[in-house]
Structure formats: C-alpha cells, structure tokens
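My plan is to look up a handful of things and jot each one down in plain words.

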Amino acid sequence: MITLGDYLIVSGILFSIGFAGVMLRRNLIIVLMSLELMLNAANLSLVAFSRFRLGPSGLPNYNAQVFVFFIITVAAAEVAVGLAILVALFRARHTTDLKDISSLKF
Amino acid sequence: MNFMLPWFILLVPLFSAAVITLFTRRWKALSSAISVVAVLVSFICSCLIFAHQSIRAAEFTWIGIDGVFQVPFGLTLDQLSRTMAVLVSGVGAVIHIYSLGYMRDDEGRSRYFAALSLFMFAMLGIVLANNFVMLFIFWELVGFTSYVLIGHWFYRDAAADAANKAFITTRIGDFGFMLGILMVWMATGSVLFAEITPRMSTLTGHSIFLTVLALLVFCGAVGKSAQFPLHVWLPDAMEGPTPISALIHAATMVAAGVYMLVRVAFIIQASQTALLVVAWIGTITAVMAALIATQQNDIKRILAYSTLSQLGYMVMAVGLASNEAAMFHLFTHAFFKALLFLAAGSIIVMLHHEQNIWSMGGLSRRLPITFVTFAVGALALIGCPPFSGFFSKDAILALAYERNAPIFAVALFTAFLTAFYVIRLFVIVFFGNPRSDVARESRESPPVMTVPLIVLAFLATFGGFAFFARNFLPLPVEKGVTILVPALAIVALIVGSGLAIALYRNRAADPVNIELLRRKFYFDEFYSWLINWTQELLARVSAFLDRWIIDAGAVGGSSRGTWGVGALLRLVQVGNLQGYAFLFGLGVIVLIYFAVFR
C-alpha cells in the first residue's frame, strides 16, 4: 500500500535534486530545468495531500488541485521569460555558463 | 470723553507719524505742520490733565492669561507722570517749533518730523505706562526713534556709526532691564507698578535676590541714561541734528532712565547694596564726564558731557534714596539743557555747521539773543543762584552731605569742574576776537528759533524757584540744612569760573592739553579692544567647533560611517547567481526551522 508518506518522500527527493541542481550545475539551461523540477516536487506533494486528505463528504480537497494548475501556469510563464532572458544573454555573451556571468560582482 | 483724553496725549503724535509716513512725505511743509500741531495738541491735553486731577484713563486688557499673567493697557496718572507729561510735551513742543527753523533747508524734513512725532508718542508712553511690559515696549521704541534721528544724515559715515553705537550700547542695558522685569514678575507675579509695590514688601528676606533684581532694573537706566560704563554712546549721538540732541539726548529720553528709576524706586530701595551701587555709578559718571568735558573742543560734545554729568547727579540722588531731588534736577535740567543745546544749535546753523569752539569767538556781539539765552542756560547749569540749576543741584549736594560724605566730596568737585568747563566754553565762544571768517560774518537766527530760546530761558531762570516748581512736583524737604552746603557750592563755582576765565581769556588755542581727558579716558579704545578680543575668542571657539565637531565629527563622521557600512555590505555581493540561490535557500531553511521547530 502506497501511503501519503511515500509520496512526500518522493516529493522531497525531487525537490532536493532540483535544489542541488540549482546550486551546483554551471549551465543555465540545466539550472532552469532544475527549477522546474522543484516546482513539480511541490505539485506532487499538493496532489498527494489532495488525494489522501479527503473532506467530510468523501471527496478530495480540490483546492490543492486548483493550486497545482496555477503553479503549472506560473511555471510555463516563468520558463518563457527565463528562456527569453537566456537567449538574450547568449546573444550578448556567447555563453550560458554561470561562472562567466558575474558582472554584478563588486 | 474724560476717559479718552489721556489717550489723546499718546495717540495724536502716533497718528501724526503715521499720516506723515504714509501720505504727506512729499509735502515737506505740510508734514512739519502736522507734526507741530500734533505735539501742541498733546501738550494741551497734558496741561488739561495736569489741571484736572480727577481725570482717569480708560483701561483695556491686552494680555490676559487667568491667574498667570495680566497685562492691561493702561495709563498711570499720578503727580509724577502728570508733571513729566507736561514737561516732555512742553519741551517737545518748543523743540518742534525750533526745528521748523533749524531744519528748513533739509531734504529729509518729512522723515525728520515723522520720527520726531513717533518719538513723542514713545516718550509719553514711557511716562504714562502703568506696567513694566508697556514701559519696556515704549522704552525700545524710544531707542529706535533715537537711532533713526541720530542717523538722520545717514549718508555721513559718522552719523550712521553713531546711530549704530547708540542703538547697540543701549541694547546691552536693555537686556539687563528685560531680565530685571522678568525677575520682578517671577517674584511678585505681576508687572503692574501698583500691584508690585505692596508685594515687594513680602520679599524682605531674600536680600541677594532683591539686590540682583534692583541692579538688573538699574541696567536699563544705565543704558538709556548713559551712565558709566555704558556712557560712550551719548557724546557720539551728537552727530544727529541739534534739536534732536536737545530733545532726546539732553532733556527727555536720557532722563527716561532716571524717571524709570524714580517710578520703580521701591524696587531699588529694597536693597541697601543696590542703592549704594546706584549712588556710586551716578557719582562716577558725574565726575568722569565733567573731567572729559574740560578738554573737548566740539561745542555739542561739551554739552553732551555736561548732560552725562548732570544725569550722574540725578542717578546719585536716586541712589541716595531721594526721588524728589532726582526729579527736581531732572525738571530744571530739562529746561536749561534744552536751552543750551538750542542756543548751540542757533550758533552752529548761523556759522554754517561749524562746531569747533576754536573757530568761534566774539559771538556776543553777532548773536545777542543767543548770547543772552546761552548765558542763562550756562549759569543755570553751573548752579549759579538764582537760576534754576542752583536750587536743584543744591538739593542733591545737601542730600549727599547728609548721607554720604565721600559722595558729597566728589559731587562738590564735579560742581567745580562744571563751572570750569562751562565758563571755558562760554569765554571761548562769545568773547575775544572771532577766530574764523564764518564767525566774523555770522548774524542772529530767525525768530522761529529765537522765540523758543527765550521761552526756555524764562523757564530755566524761574524753574528752580519753590513757588514755581512746587506746582509741578514735590520738592525735597531740607531738614536742618546748614548754610555750609550752598556756601561750598558757591565757592566751588567761583573758583571754577575764575580759573576758567583766567586761563582762557583772549586765547587763540587751548593752553591746557591733557591727552587722557582729550581721549575720553580711552574708553572707546578700550571697548574696541575688548570687543575685538571677545570677538577673536568667539571666532576661535566657533572655528574649532566648526572644524572639528561639525566638519570632522558630524559631516565627516556620517560620510565615513556610510562609506564603511557600504564597504562591509559590498562583501556580500559575490556576483554569483548560485551563491545568491544558496544564501536564499539557507534563509528559507532558517525560517522553516524557526517556524516549525521553535
């Protein structure tokens, strides 16, 4: 029997992988992908809560599922903006390596 | 009507000043006429009030904070203020008329008469005020008009400087006066003269407080009546037109200090120490001014120093706790000193503004009316019987003889000096041969100037007789007076005059030359040095504060502080996206830790 805890563990693992990716990878595209991974980890836990914490009428809590749709929408928008910035950056600097993008350093 | 009549004394000159300033500046003759009419109305009102003792003044509340501070806008109408009002407006009227002649060619006549009217308003305000606040306001107004009138010929540097000097010097005294008024209010909770008097008697235990209070109030008189050590402004004030010197700087304004002291004598008399200080300040002023006067060559300056000296006598009388003697001398002095100044003005204007006595000479034949009237004034000033000055000065000398021997000795010496320098002036100006062309070609002044001289000469002659003066003010009672005092005074007079005649008859230049007296005891030099020194000190302290506390501390410190904090915060800006993300994640973890596990 798969319990809520299992889902949350998977979600946690996914989030950690994403976070590690953001921290450690040098390629901006991979960093963006890792960000998506973290968002989906959150989605997974929301859906799991919705499924396992049924309301008094026996129906799942749809609030969580609506919330997931919102996250997907925001994520799509974020990717669109993020990739646009990435393209612009690549045009300007001919690189997507984070090590080379440090103009804001003092 | 009766209630408003006293207010007319005040308001008519004010109205005249306002009309002249606002509307009639361009029509000089009209302006002069308005001013003269105003002062005459004021004089008539004063006389009416003097004649009808029953007249009371309407009173208005001006500032009223219940139980804390009450300042009514009211007038005192007692024997003292009635007499003083008649005196001030009377002498004022004579001098207004004289001014018509003296200032007839002056371009700034409208300005002059407006200021003169304003002065009459302010001076009568001092005389009639029934509380300290009103008195102080009029006191300052008088100072202002004095400033304007001394600086009437403001395009001359000397006049502008003298005006500033007079204003600033009296302000020093006024500052003390203001503190004194505040202390009176603190002590008694009232600023009304009538209310302070009974309340002062409850303060007998605090002798030091009372002494300080009395001396601070006295400060005002020191400034306004030009007593030592603030006397330096009065001789310089002679840069103003001569009628101004006569009215403001001899007969009335400088006497305001003495009048104020008499008005609040109960405050001074509450402290023996204060009385002694007042008496000695007066004595020192009297003898010092007389000494300086013996070596001056400007006719108006000599008269100015004689004014100082006579004011010293009055203050001395206040210090010897005799208001009657002080007021009596003020009364006679107003007449003969105004007379002397106006006579001097007549000479000056006829000699085309020549003021040096060594350019005059032999004027007795050229200006006979001026000569006779000046002689009357001079004889009254040196205290020659039976002229008015003899009686009032004798009263003060008798008082000093009775109460304080050292002061009497100095006062007697001053009487001798007075005779000496006045006769010196008289001999040089009116006798001998003319020493310059202007003196040779001079002639008598027009009637508009000589008639006031004659009027004042009568007053200076008869003003001292008891049958005349008794109508105006209570005369000092001389109890068990010895013949010694008047005898000594007359001896001093004869010796002084004799010496002066012997020394100065038919001289072309001054045979005596005492640098110390000619330079007025170096007071001006000393004050310049003192002011320089304090200013230097103040500048250095300010420079130190500015350079090290404000510049280096406040301004530099805050800039360096901002810079340092910025440098510190800069280290956080690593410029690495992942570094930021890491810190962000760390922050989230910390937040979660606090939110969940705490």
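Predicted model: local features only at pLDDT ≥ 70, side-chain atom pairs only at ≥ 80, totals over all residues.

**Entry 1: two helices side by side.** I noted both values because two packed helices are described by the angle between their axes and the distance between the axes. The handedness went down too: helix 19 of chain B and helix 23 of chain B make a right-handed crossing.

**Entry 2: who meets whom there.** Next I looked up the residues at this crossing. From helix 19 of chain B I wrote down several, including Leu412(B), Phe416(B), Phe420(B), Ile423(B) and Arg424(B). On the facing side, helix 23 of chain B brings residues among them Leu488(B), Ala492(B), Gly496(B), Leu499(B) and Tyr504(B). Sorted by class, the contact between these two helices of chain B holds 18 nonpolar, 3 polar and 1 charged residues.

**Entry 3: the largest nonpolar core.** Which residues touch the most other members of this core? I found Met123(B), Val258(B), Met316(B), Ala338(B), Leu339(B) and Leu456(B), in a core of 198 residues. The biggest contribution to this core comes from helix 15 (residues 323-350) of chain B, which gives 19 residues.

Setting aside neighbours within four places in sequence, I listed its contacts: Ala279(B), Gly282(B), Thr283(B), Ala286(B), Ile396(B), Ala400(B), Ile407(B) and Ala411(B).

**Entry 4: chain A.** Turning to the other chain, I counted 3 helices and 0 strands in chain A. From the N terminus on, the order reads α-α-α. Is chain A compact or spread out? Its radius of gyration is 18 Å, well over the 13 Å that the globule rule gives for 106 residues, so chain A is more spread out than a compact globule. The box around its C-alpha atoms comes to roughly 55 × 25 × 25 Å along the principal axes. I also noted that 10% of the 106 residues of chain A count as buried. Of the contacts in chain A with a separation of 6 or more, 48% join residues 24 or more positions apart.

**Entry 5: where the chains touch.** Last, I looked up the contact between the chains, which takes 10 residues from chain B and 10 residues from chain A. On the chain B side, helix 26 (residues 577-597) gives the most, with 5 residues. I sorted that side of chain B by class and got 4 nonpolar, 5 polar and 1 charged.

Note on methods
Residues numbered from 1 in each chain as written. Chains lettered and ligands numbered in written order. Helix = DSSP H or I, 4+ residues; strand = E, 2+ residues; numbered from the N terminus. Rg over C-alpha atoms; globule rule 2.2 N^0.38 Å. Buried ≥ 20, exposed ≤ 12 C-beta atoms within 10 Å, placed from the backbone. Contact = placed C-beta atoms within 7 Å. Core = buried A, V, L, I, M, F, W, Y, C linked by C-beta atoms within 7 Å. Nonpolar A, V, L, I, M, F, W, Y, C, P; charged D, E, K, R; others polar. Left-handed = near helix turned anticlockwise from the far one by under 90°.
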